[in-house]
Amino acid sequence: MGPEKMKEIITDVLKDVDVVIGYKQGFDKLHATPCFINKAEQIEEIIWSPVCVQNLASFLPSLKAKKVGVVVKGCDSRTIVQYMQEGLIDRSKVVVVGIPCTGVVSVKKVLDKVNHQPIEDVVFEADGAILVKTPAGETKLSLADVSPDKCSTCLYPTPVVYDHLAAEPIKSVKAPEDVYKDVEEFEGKSLEERKVYWEKEFDRCIRCYACRNACPMCVCQDSCIAESRDPHWISQKSNLSEKFMFHMIHSIHLAGRCVECGECERVCPMGIPVNALKKKLNHDMKALYNYEPGVNPEDKPPMYTFSVEEKKIEEHKL
Amino acid sequence: MADTGFIPKEKWGAFIEGLSTKAQVYVPCLEGDTVLFRPFGKEKTLCFERPANSPPKSVIFPQSDTLFSFTFIKDPDNPQKTEVELKEHLDFPKTIVIGSRPCDAKGFTVYDRPYTETDTPDPYYKGRREKTTIVTMTCNSPSAGCFCTAVGGSPADKEGSDALITEVEKGYFIEALTEKGKEILQGPGVEDGKAYQGDATKKQEAVHSMVKNPFGPKGLGKVSPELFDNDEFWDNAVSKCVSCGACTYLCPTCYCFNITDEQTSDKGERIRTWDGCMYVHFTLEASGHNPRPTKFQRFKNRVGHKFSFYPEKYNGVIACCGCGRCIRYCPMSVDISEIVSNLQGA
Ligand code: SF4
Ligand code: SF4
Ligand code: SF4
Ligand code: SF4
């Protein structure tokens, strides 16, 4: 699917919104960058291809005062549903341009395959092949090999909520039981092994907070406990225990809220697989409450409800 | 003493290991897909093939540094009376960084001006800087986002380094640039380098032209004061920024810090930690007032410091080394070189 249909839709949408958020080419052909369109002449810049990785729905809560159009992939659309459930956006002020998606690239994976050479050109062929040109030559890759893990188990390639659809809907052929296979596998390891694994990963964390700020559901942002002096739960030291604490807080706050867009992990400059922690908690939320974040606007997130006795949680007998 | 040397490929590992017996050695190590500077150890996977994700700045300017520790001691005879015992932390080991890139090394010179070349040098920075030898590796090719040549650097730039290593066919050509650098030539396995000088120079020149120049053939012009003070310009330029701060923490020239006392009951430490102008708390005042409440004002400061205020104060020197990390790792692919390019006056 080319971007032509999307450009047509956006031209229309732009007539009755203040701004449309879409993608344009970034600093090279492997990177897309969000563009905020408020003039018709910007529409020509719009692109749609597997390099359009960012979750643009994340900008919606900060633009609440405006009427906004937003381009979303299937996975990103869950953000909008979760925002609706949590009352974080006014749906009547958002126009959703959905793209049925056949997968995006992981920039890290592509760069690894081409030895981190500067990118001269990237061409996506109809059969799913990707040609990447660097000064060292041309490399042919298949999209499936360089997609982020979320794409390989994606259940919602077509947005779960939209006002316009830029192509024919696509049905997922992925097995629902595979979504948490990685979590289950990891849970098979001993506590000690898991501890060692995470200590090694978190040791690289530089507390830049890209994972937090890029997360659509991290809504505290400027009031995050990680930087607060009052309460003073975490110091500014860059040692393992403080980093660990930050990530535990980040994860717990996303339990049953994380829409599994993978942004936290994608943006980490230190390559820390932080999404796995949130997936683990979502897996538990599914087991305990049979709840999946961001799929049905009518759902109430479990943390917003309260039952004296939860069916699947054994209370301590008081 | 000769100022150049050569290490054959097969002796490279032993050379680094040898140096590590005399000083604390930091080298770029591969962990998963990520390259970062770590203290050398035989179990580490060294990676010189591409610039590290994070620069070696933390070796000299640690992310978190204990300036001193303090203990409150009560007088047992007079509990009203409390003394404070202070302990300074100014003891720095001899250190060698191997495998910084020219842009990383240049970054330290940006710190030197405010931290050491002043009447009130910073003892922590200065202490480590003097004890550290920077052994830089010239780049075999630029990476995505690199633009060092557009801001006065190059893939073989010598500024800020004590020695420069260039990979040639059979090994590594070393050029000592300072007295500290000459000491490196005493490392194990170093042979005479003269024969390899020509190859090294050729290699360096070839890479130079591969680095992109985002500012056009005339180079970086003057920042237009009208555009710089135009709020709409900034608002449009950075609407996509999520104000995370990754760009400042990965930057070899960002040197802002915060100072906090981290205390439990009767003991504590005064620590200095990295801070960055992209964070909302950076300018938050005790009163609750924040002079830079919006992200565009914060971004404007980041660009302003590097391309306008710093050059004004220090003879036109740009406080950006063009390493491209803020571009490469920005979650939203915000490109500082594009923004600066658009800021130039007609
Ligand atoms: S993005 Fe990565 S390095 Fe930055 S705070 Fe998150 S986990 Fe740490
Ligand atoms: S925690 Fe990560 S995967 Fe989940 S919503 Fe936030 S950014 Fe997306
Ligand atoms: S420019 Fe990029 S890296 Fe820097 S604060 Fe903004 S989003 Fe984060
Ligand atoms: S910016 Fe220049 S010196 Fe730095 S890594 Fe890139 S090519 Fe090398």
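This is a predicted model: local features need pLDDT of at least 70, side-chain atom pairs count only at pLDDT 80 or more; totals for chains, interfaces and linings use all residues.
Entry: Then I asked which residues of α10(B) meet α12(B). On the α10(B) side I found Phe299(B), Arg302(B), Val303(B), Lys306(B) and Phe307(B). Their partners in α12(B) are Ile336(B), Ile339(B), Val340(B) and Leu343(B).

Entry: I stopped at Ser333(B), which sits in the loop between α11 (325–328) and α12 of chain B. Its phi is positive, about 55 degrees, although Ser333(B) is not a glycine. Is Ser333(B) buried or exposed? Its relative accessibility is 4%, so I put Ser333(B) down as buried.

Entry: I located Asn290(A) in the segment after α10 (275–289) of chain A. With a relative accessible area of 56%, Asn290(A) is exposed.

**Entry: a cis peptide.** Where is the cis bond I wanted to check? It joins Asp230(A) and Pro231(A), with omega at about 5 degrees. Pro231(A) belongs to the loop between α7 (210–214) and α8 (240–252) of chain A.

**Entry: salt bridges.** How many salt bridges are there over all chains? The count comes to 39. I picked a few to look at one by one.

- In chain A, the side chains of Lys73(A) and Asp76(A) pair up at 3.0 Å, N to O. Lys73(A) has a relative accessible area of 0% and is buried. Asp76(A) is buried as well, with a relative accessible area of 0%.
- In chain B, Asp112(B) and Arg129(B) form a salt bridge at 2.8 Å, N to O. Asp112(B) is in helix α3 (residues 102–115) and Arg129(B) in helix α4 (residues 123–131), so this pair ties together parts that are 17 residues apart in sequence. I checked burial too: Asp112(B) comes out buried at 8% relative accessible area, and Arg129(B) counts as buried at 14% relative accessibility.
- Glu159(B) and Arg113(B) meet in a salt bridge at 3.7 Å, N to O. This pair links distant parts of the chain, 46 residues apart: Glu159(B) is in the loop between β7 (132–137) and β8 (163–168), and Arg113(B) is in helix α3 of chain B. Glu159(B) is partly exposed at 33% relative accessibility, whereas Arg113(B) is buried with a relative accessible area of 14%.
- Salt bridges that share partners also build a network, and I listed its members: Glu201(A), Asp203(A), Arg204(A), Glu31(B) and Arg38(B).

**Entry: a surface patch.** Last, I turned to the nonpolar patch on the surface formed by Phe72(B), Val84(B) and Leu86(B). Together these residues have about 280 Å² of accessible area. I traced Phe72(B) to strand β4 (residues 64–75) of chain B. Phe72(B) has 33% relative accessibility, so I noted it as partly exposed.

Notes
Residues are numbered from 1 along each chain as its sequence is written. Chains are lettered from A and ligands numbered from 1 in the order in which they are written. Side-chain values use heavy atoms; hydrogens and water are left out. Patches are made of residues with over 30% relative accessible area and no salt bridge: like charges are joined within 9 Å, nonpolar side chains (Val, Leu, Ile, Met, Phe, Trp, Tyr) within 5 Å. Accessible areas come from the Shrake-Rupley method with a 1.4 Å probe; for residues, only the protein chains shown count as cover. A salt bridge is a side-chain nitrogen of Lys or Arg within 4 Å of a carboxyl oxygen of Asp or Glu. Helices (H or I, at least four residues) and strands (E, at least two) are DSSP runs, numbered from the N terminus. Buried means under 20% relative accessible area, exposed over 50%, partly exposed in between (1.4 Å probe, protein chains only). Contact means heavy atoms within 4.5 Å.
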